Amino acid sequence: MERVEQRACFGGSQEVWKHTSDVLGCEMNVGVYLPPDADRGPLPVLYWLSGLTCTEQNFITKAGAQRYAAEHNLILVAPDTSPRGEDVADDEAYDLGKGAGFYVNATEDPWAPHFQMYSYITDELQKLVTDEFQIDADRQGITGHSMGGHGALTLAMRNPELYKSVSAFAPIANPTASDWGRKQLSAYLGDDEEKWVEHDATLLLQTQGWQRDILVDQGASDQFLDLLKPEALSGAMAETRTAGTFRMQAGYDHSYFFVASFMRDHIAWHADRL
């Protein structure tokens, strides 16, 4: 990994690192926040997964997470949302292709050669940052927004030995029943809907459960509620008696103003568990 940007931030360091991904077959940027005591590690780490159209920069510049990570002595890692580069397949639509990796391993052409975001996040990136920084591999959490909230929930549920805490902001909660999901899952994974189940947080709760607690915040005035389907996830949490908190926040939409408003709660929540 090569550091390409470094800025002082709340007594620590906000950095952008670049590396060549063997899994994705392209160069990738990763945002890393190191708190003031990062050199006295190993420290817990919280991964952030961003939403449609985003890069690592959206979280770095808009979420306001660094001040709270500094307070709780957490390392933050924010990867890009998809493979990038001239050789990487893309689509004219904003919700498929570059910026819309959906945190799955694609099996269909033209996506399969590069769109392996599930393996990238849970394996390659995890090993890279653990080797590069003073991270406690037994204290890793994951969170995210929208498509990234979907990714955080599904990756955690499928890898409970890796992620010890999970939360989400306005996640795509039931993608197999939404146009934010069916389109992408069919493109990346094919038309066999049985293969989609492991990428749907609502269905994963119902079929395999989650043995820890979950924190979910959702804006009640979110313009994408019909696509996100928060009622499916909250219903599954109740049905399976999964411990956790699902909060509908009055007046908030889908923007990073919403994310920034509740970031302090999420950082503190993960810190308590890590």
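His 114 is buried, since its relative accessible area is 13%, where buried stands for under 20%, exposed for over 50% and partly exposed for what falls in between, with a 1.4 Å probe and protein chains only. The model is a predicted one, in which local features need pLDDT of at least 70 and side-chain atom pairs count only at pLDDT 80 or more, while totals for chains, interfaces and linings use all residues. Residues are numbered from 1 along each chain as its sequence is written, and side-chain values use heavy atoms, with hydrogens and water left out.

His 114 is placed in the loop between β5 (75-79) and α3 (117-132), helices (H or I, at least four residues) and strands (E, at least two) being DSSP runs numbered from the N terminus. A polar atom of the His 114 side chain lies 2.7 Å from the backbone oxygen of Leu 24. Leaving aside residues up to four places away in sequence, His 114 touches Leu 24, Gly 25, Pro 83, Asp 87 and Val 88, a contact being heavy atoms within 4.5 Å.

### Helix α3

α3 has a kink of about 35°, centred on Leu 125, the bend at a residue being the angle between axes fitted to the seven residues ending there and the seven starting there. Leu 125 is also one of the buried residues of α3, which include Met 117, Tyr 120 and Val 129. The buried residues of this helix pack against β2 (12-21), β3, β4 (43-49), β5, β6 (135-144) and α4 (147-158).

### Cavity and pocket

On a 1 Å grid over the protein atoms alone, a cavity is a set of points where a 1.4 Å probe fits but cannot get out, a pocket is an open set with protein on both sides within 12 Å along at least five of seven lines, and lining residues have an atom within 4 Å of a point. The largest cavity holds about 30 Å³ of space, and β3 (26-34), α1 (56-62) and β5 each give at least two residues to its lining. Among the lining residues of this cavity are Gln 14, Tyr 33, Phe 59 and Val 77.

The largest pocket holds about 220 Å³ of space. Of the 14 residues lining this pocket, Leu 52, Thr 53, Cys 54, His 145 and His 254 are the closest to its centre.

### Ala 137 in β6

Ala 137 lies in strand β6 and counts as partly exposed, at 34% relative accessibility. The C-alpha atoms of Ala 137 and Pro 42 are separated by 8.5 Å, although the two residues are 95 residues apart along the chain.

Note on methods: Polar contact = N/O pair within 3.5 Å; in protein donor to acceptor, adjacent residues only side chain to side chain. Points joined across faces, edges and corners; volume = space filled by probe spheres on them.
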